[in-house]
There are 2 protein chains.
Amino acid sequence: MNILITSGGTSEKIDRVRSITNHSTGRLGAAIAEKFLAKGDQVTLVTTRKALKPAAHEHLRIEIVENVAELLAVLEPLVKTHDALIHSMAVSDYTPVYMTGLEEVAASSDVAEFLDRSNSESKISSQEESQVLFLKKTPKIISKVKEWNPHIRLIGFKLLVDVSKEKLIETARASLDKNQADIIVANDLLDISEDRHQAYLVRKDSLEEAQSKEEIAQLLVHYLHAKEL
Amino acid sequence: MNILITSGGTSEKIDRVRSITNHSTGRLGAAIAEKFLAKGDQVTLVTTRKALKPAAHEHLRIEIVENVAELLAVLEPLVKTHDALIHSMAVSDYTPVYMTGLEEVAASSDVAEFLDRSNSESKISSQEESQVLFLKKTPKIISKVKEWNPHIRLIGFKLLVDVSKEKLIETARASLDKNQADIIVANDLLDISEDRHQAYLVRKDSLEEAQSKEEIAQLLVHYLHAKEL
């Protein structure tokens, strides 16, 4: 099979020296890539410069992206040529539009106007005591995957922080329906450490639990290879 | 001598999964550390987890910080026990206070109120079409150094983007006076690449120019060791 995996976290620039980054080590994506490579699959890994990478392998191809716009451009053609997408990347939900001092915002009669502005300076001045940053939503990539390729198997991820198991699974099921995913891997940041990674692999009618990145990777290999038969 | 060096770029959390990061590879700080170690000095390097580090050395001690608050706490006692501070770290000018949807901001009669709020959620929801992030200025660490230790030699850095040589030097001289620094190393992001680093070492009555990180490091070693005699 041709397996497409995303990993790491995207960064959105505020100016030439500052970005908003979504944290993700890339360790889970690397573990998943290694398990599929070991199974004999072709793997394309779309990841970020700072993410952990799997060891080089003749069936592994790596594409580096920084932000959501680049991810979108790189992913669309790849989704059309792969059998499955395992989308573990932490993708920025918002991207900076305009940053300005509080006084300019206070003086405005319609704050929505700032969503149409952009900063002309390359490095925003640090004179002001406070700043206001306006951000707009990025395109939701997971929702486009089945439009790009209705036949691709789609594994999505949902990361929440400090919620109940019920809330985690409920949120995963909503994402499963909305994005026509085959599995949503639901996890809570508080249950993730370097050597532990609790996750629920949520499907329409079933649920599996994993305790480590290797176990998540193994369950995904089983699932996608079973479906192939 | 006991040389204190800062390098890398700080990150300020928006929530548990997102931060604003100041970009800096740490390569310049590492090059400076190596030159002083080669000269026989004791070096304490305060840096970030992702920054490039110099090779291990028996006279090198490394302290890791993430954000401005941690930097402040770590640096104050160190400044009191070192002969010189070379402050090449890219320190965040602003730290996130509160993030909310545009509608809540539009409905407010006094936007300054948001500077007193904080987000209770661990991961800010991504339902809204746009978000507004309020930030406040961080303490300016370089301005505190001579208060902490009037005898320390202080080398500061000023990074601008796409400005004239005159503007760069003028800005450096203002910082020199304001922070009672011995040298401000002024550089323009557009003149920095992996193998090139143009910089002006600005002093009260003189100016030296460097073309690489090694040359900047060498000039700083010369300057601090000459002063000692």
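Select A:Lys13 and A:Glu66: their side chains meet in a salt bridge, 3.0 Å from N to O. This is a predicted model. The pair links distant parts of the chain, 53 residues apart. A:Lys13 sits in strand β2 (residues 11–13) of chain A, and A:Glu66 in the loop between β5 (60–64) and α2 (68–80). A:Lys13 is partly exposed, at 41% relative accessibility. A:Glu66 is partly exposed too, at 29%.

Now go to chain B. Select B:Lys13 and B:Glu66. Their side chains form a salt bridge, again 3.0 Å from N to O. B:Lys13 lies in strand β2 (residues 11–13) of chain B, and B:Glu66 in the loop between β5 (60–64) and α2 (68–80), 53 residues apart. B:Lys13 has a relative accessible area of 43% and counts as partly exposed. B:Glu66, at 28%, is also partly exposed.

Back to chain A. Select A:Arg27 and A:Glu194. They form a salt bridge whose closest N and O atoms are 4.0 Å apart. A:Arg27 lies in helix α1 (residues 27–38), and A:Glu194 in the loop between β10 (183–188) and β11 (199–202), so the pair ties together parts that are 167 residues apart in sequence. A:Arg27 is partly exposed, at 29% relative accessibility. A:Glu194 is exposed, at 64%.

Next, show both chains. Select A:Asp15, A:Arg18, B:Asp93 and B:Lys140. A network of salt bridges links these residues. Over all chains, the whole structure holds 22 salt bridges.

Turn to A:Thr44, in strand β4 (residues 42–47) of chain A. Is A:Thr44 buried or exposed? A:Thr44 has a relative accessible area of 6%, which is under the 20% cut-off, so this residue counts as buried. Show its side chain with that of A:His82: the two make a polar contact at 2.7 Å. Then display the surroundings. Beyond neighbours within four places in sequence, A:Thr44 is in contact with A:Ile3, A:Leu4, A:Ile5, A:Arg61, A:Glu63, A:Leu78 and A:His82.

Finally, zoom out to the pair of chains.

Methods: Residues numbered from 1 in each chain as written. Chains lettered and ligands numbered in written order. Predicted model: local features only at pLDDT ≥ 70, side-chain atom pairs only at ≥ 80, totals over all residues. Heavy atoms only, no water. Helix = DSSP H or I, 4+ residues; strand = E, 2+ residues; numbered from the N terminus. Buried < 20%, exposed > 50% of the residue type's maximum accessible area, 1.4 Å probe, protein only. Polar contact = N/O pair within 3.5 Å; in protein donor to acceptor, adjacent residues only side chain to side chain. Contact = heavy atoms within 4.5 Å.
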